[in-house]
Amino acid sequence: MAGIADPDEDLVRRVGRGDPAAVQAMVARKLPRLLSLASRMLGDAAEAEDVAQEAMLKAWRQAPRWTFGKARFDTWLHRVALNLCYDRLRRRREVVTDAVPDRADEGAAPDRGLLAADVGARVDRALQALPERQREAVVLCHYQELGNIEAAGLMGISVEALESLLSRGRRALRQALADIRPGAEGAG
Amino acid sequence: MTPERFAAILDAYGADPRRWPDAEREAARAMASARADALAEADALDAWLDHAPRPVPSEALRQRVIAAVGAVGRRGRLWWDRLTVTVGVGWAAAACAGVVAGVGLTRQLAAEATADAVLYQASLGLDEGLIG
């Protein structure tokens, strides 16, 4: 059947047949991607692990009845994980009604060198400070390395709308990180 | 490709051509050398973004996921086994009921046949006695 080629097809078929080695391979291939996605969307390691685990279970249940050619399994899996992330973000909003902390980055003293880990933490905080849809666009395209058509489809928006979210997100990140001098990491 | 479109691609996707739209990648590559400043600016932001922590699943998480998948699998198999047993027991019960009913019916028919034969024999004897 002519359709969307799926690099995971063989693996998904084997998982669907209950092949234990394929389950291991699926975990090795997808768990890091799911954990990365959930960590960057949620900014919380424990919640990200829960989301990654739940998404993996859904993948296992879906594999036997997956229809190839309509969508890539990885794209579907991203959608599942994103839905789980948004459920948790929604719950957070319900719990913390007002008094949402202003997540503006406190920055660093310009004359102080930063360790690479400090830079990483700054970038992570800046990412978490983005509006959710901008963060989702940046995470999908930059960190998850999805193509623009795939990412836009996942988000249910046009490619033009995706580009707008990406541009605004990257601009905000550039401003948030503007005080970090190139090469500053490792100097502290 | 216009310079404006090239700038828009850098703004949205950054400096790495692998992230650029498939249909525009080659045209954008051709323009890149003439727009080195814009490319360098986008590249600097990409480099910062790549400093973000890269989460790696712990062995504990990996084992937890595999165990959870296994547990779901066992529950699925248990459900199937139970279904199989239930259906099997049902069929066995139906078969037993059939056998019991069949045996009962056979016995009843046999008894009725015996009774008929006795009555027939008796009637013959009666007839013979009457004749004799």
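Chain A of the predicted model has an average pLDDT of 87, and 85% of its residues score at least 70; pLDDT is the predictor's confidence in each residue, from 0 to 100. Because the model is predicted, local features need pLDDT of at least 70 and side-chain atom pairs count only at pLDDT 80 or more, while totals for chains, interfaces and linings use all residues. Residues are numbered from 1 along each chain as its sequence is written, and chains are lettered from A and ligands numbered from 1 in the order in which they are written. Over residues 108-112 of chain A, pLDDT stays under 50, and the model has 5 contacts beyond four places in sequence for this segment. Two residues are taken to be in contact if their C-beta atoms, placed from the backbone, lie within 7 Å.

The secondary structure of chain A consists of 8 helices and 0 strands, with helices (H or I, at least four residues) and strands (E, at least two) defined as DSSP runs and numbered from the N terminus. Of the contacts in chain A with a separation of 6 or more, 69% join residues 24 or more positions apart. Buried residues account for 36% of the 188 residues in chain A. A residue is buried if 20 or more other C-beta atoms lie within 10 Å of its own, exposed if 12 or fewer, and partly exposed in between, with C-beta atoms placed from the backbone.

Chain A is divided into domain 1 (1-102) and domain 2 (111-188), the bounds coming from an automatic or database domain assignment. Contacts between the domains involve 11 residues of domain 1 and 11 residues of domain 2. On the domain 1 side, H2 and helix H4 (73-95) of chain A each supply at least two residues. By class, this side has 4 nonpolar, 4 polar and 3 charged residues. Here Ala, Val, Leu, Ile, Met, Phe, Trp, Tyr, Cys and Pro count as nonpolar, Asp, Glu, Lys and Arg as charged, and the others, Gly among them, as polar.

The largest nonpolar core has 60 residues, and those with the most contacts inside it are Leu34(A), Ala38(A), Val51(A), Ala52(A), Ala55(A), Met56(A) and Ala81(A). Such a core is a set of buried Ala, Val, Leu, Ile, Met, Phe, Trp, Tyr and Cys residues joined through C-beta atoms within 7 Å. H2(A) gives the most to this core, with 10 residues. Both domains of chain A contribute residues, so the core lies between them. Apart from its neighbours within four places in sequence, Leu34(A) is in contact with Ala52(A), Ala55(A), Met56(A), Leu77(A) and Ala81(A).

In H4(A), the buried residues include Leu77(A) and Ala81(A), as well as Phe73(A) and Cys85(A). The buried residues of this helix pack against helix H1 (9-16), H2, H3, H6 and helix H7 (148-155) of chain A.

Between the chains, 36 residues of chain A are in contact with 28 residues of chain B. The largest share of the chain A side, 8 residues, comes from H2(A). This side has 19 nonpolar, 10 polar and 7 charged residues. In helix H1 (residues 3-13) of chain B, Phe6(B), Ile9(B), Leu10(B), Asp11(B), Ala12(B) and Tyr13(B) are buried. The buried residues of H1(B) pack against H6 and H8 of chain A, together with helix H2 (25-32) and helix H3 (36-49) of chain B. Gly14(B), with a positive phi near 85°, follows H1(B).
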